[in-house]
Amino acid sequence: MSNKIPLSFLDLAPVPQGKTIAEGIAQTVETAQQAEKSGLNRYWMAEHHNMPGIASAATSVLLSHIGSQTDRIRIGAGGVMLPNHAPLVIAEQFGTLQALYGDRVDLGLGRAPGTDGATFQALRRQMKDAERFPQDVQELMYFLGNDADGSPVQAFPGAKSGIPIWILGSSLFGATLAAHLGLPYVFASHFAPQMLGQAIEAYREQFKPSVYLDKPYVMLAANLLLADDDATARYHFTSAQQSFVRLRRGETGQMPKPTHDMDSIWSQAEKMMVDNALSVSFIGSVDTVKPRLAAFLATYQPDELIVTANIYDQAARIRSLELTPELNLFTLQ
C-alpha cells in the first residue's frame with residue numbers, strides 16, 4: 001500500500017490485577033502521552049460499565065483529564081454508548097470538553113449498552129432505548145449544530161460547537177446509518193470482525209454527502225501489540241485473550257497477568273471463539289507485523305486505522321507505542 005494513513009489509539013483504561021483504579025488511570029495518562037509522543041492522531045476511550053478491569057465508565061470525565069495532560073493529540077469517545085444517556089447531557093459534556101480543549105475533541109457514538117442487563121437497568125435505561133438510536137443521534141447533532149437558535153432547549157456548552165460525530169458499529173445497522181447521515185464510520189473489527197467487508201462496502205455504496213463529510217471516511221479498529229521479538233508480544237497478548245475468555249464465561253475481574261500456558265486456561269471451543277473474535281490482531285516484532293498489516297490495509301483500504309492494546313503489562317504497552325513509528329505505514333504527526 002503506497003499511501004500512508006493516520007493512525008490512532010483506542011484505550012479501555014485497563015486496571016491491571018493488583019492495582020487500584022487510581023494507578024490504572026495514572027498508567028492511562030502515561031499511555032496517552034506516549035501515543036502523542038509517537039505521533040498518533042487520536043486518543044479515544046470507550047464507555048463500559050460494571051467491569052472492574054476498565055476505568056473509563058465516566059468517559060467524558062476521564063477524557064478531560066487526558067486532555068489536560070496532553071497537548072496536541074485529538075481526544076474523544078470511541079465511543080459513548082448513546083442509549084445510556086440523554087442526548088442533551090452528552091452535548092453539554094462534549095461541549096464542555098471542546099470549551100476546554102478546542103478543536104481536539106471527537107465524539108464517537110455506539111448503540112450497544114456497553115454492559116450487562118442489570119447494569120443497563122441501573123443506568124435507568126430500557127432496551128427499547130437502543131431502538132431510538134438513529135433519532136438520538138440526530139437530536140445530538142441538532143444540539144451541537146448551528147440550527148438551535150430560538151429553540152426552547154439548547155446545549156450550553158455545546159451549541160454551535162460542530163464537534164465531529166462518528167458512528168461506531170460492527171454490523172450493517174451502523175454502516176447504513178452513518179452512510180444515510182453522511183457521517184464518518186468506525187468498524188469494531190478489533191473484537192467483532194465477522195461483517196467487516198460487508199459493512200464497509202454498504203457504507204461506501206450508500207454514503208450520502210452531507211455538511212459534515214463530502215465522501216465516505218472509514219476507520220477500522222485492530223489489536224496491535226509490538227515487541228522486540230514475537231514471543232514477547234504473544235506472551236503479553238495473553239492478557240487480552242484471558243479477558244475475552246472471562247467475558248464469555250460471565251466472570252469479572254481486573255486485567256489478568258500474562259501467562260505462558262493459555263491451554264491450561266481455555267477449552268478448545270473457547271480458543272476458537274477468542275481466535276475468531278480477535279482475528280484482526282497484529283502481534284509480534286515490527287518485521288513480523290509490518291507485511292501482515294500492510295496486506296490488511298491494502299485489502300480494506302481504510303482512511304484511518306485505530307489500534308488498541310488492552311493488556312496487563314504497562315511497560316509492554318509503552319514499548320509497543322514506541323515501536324509503532326517503525327512500521328512506517330502511517331502518517332504520523
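Predicted model: local features only at pLDDT ≥ 70, side-chain atom pairs only at ≥ 80, totals over all residues.
**A note on cavities, cores and rings**

1. Residues are numbered from 1 along each chain as its sequence is written, and side-chain values use heavy atoms, with hydrogens and water left out.

2. Where does A227 lie? A227 sits in the loop between β7 (218-226) and α8 (230-249); helices (H or I, at least four residues) and strands (E, at least two) are DSSP runs, numbered from the N terminus. A227 is buried, at a relative accessible area of 8%. For that word, buried means under 20% relative accessible area, exposed over 50%, and partly exposed in between, using a 1.4 Å probe and protein chains only. A227 and S320 are 93 residues apart in sequence, yet 5.8 Å apart in space, C-alpha to C-alpha.

3. S320 turns up again in the lining of the largest cavity, along with F9, L40, L224, V307, A309, R317, L321 and T324. On a 1 Å grid over the protein atoms alone, a cavity is a set of points where a 1.4 Å probe fits but cannot get out, a pocket is an open set with protein on both sides within 12 Å along at least five of seven lines, and lining residues have an atom within 4 Å of a point. Searching the whole structure gives 1 cavity of 30 Å³ or more. The largest cavity holds about 50 Å³ of space; grid points are joined across faces, edges and corners, and a volume is the space filled by probe spheres set on the points. Helix α11 (residues 314-323) gives the most to this lining, with 3 residues.

4. Now for the second largest pocket, with a volume of about 440 Å³. Of its 21 lining residues, G162, I163, P164, I165 and Y212 are the closest to the centre. Two or more lining residues come from each of α5 (133-144) and β5 (165-169), and α5 has the largest share, 3 residues.

5. Helix α5 also contains D136. Is D136 buried or exposed? D136 is buried, with a relative accessible area of 5%. Leaving out residues up to four places away in sequence, D136 touches L82, P87 and D129.

6. The largest nonpolar core has 72 residues, and those with the most contacts inside it are F94, L107, V137, L293 and L305. A nonpolar core is a set of buried Ala, Val, Leu, Ile, Met, Phe, Trp, Tyr and Cys residues joined through side-chain atoms within 4.5 Å. Apart from it lies another core of 16 residues, among them L225, A227, A277 and A316.

7. Finally, the rings: the structure holds 9 aromatic pairs. The ring centres of Y142 and F143 are 5.8 Å apart and their planes at 55 degrees, so this pair is tilted. Rings of Phe, Tyr and Trp (its six-membered ring) pair if their centres lie within 6.5 Å; planes under 30 degrees apart count as stacked, over 60 as edge-to-face and the rest as tilted. Y142 is partly exposed, at 33% relative accessible area, whereas F143 is buried, at 7%.

Notes. Contact = heavy atoms within 4.5 Å.
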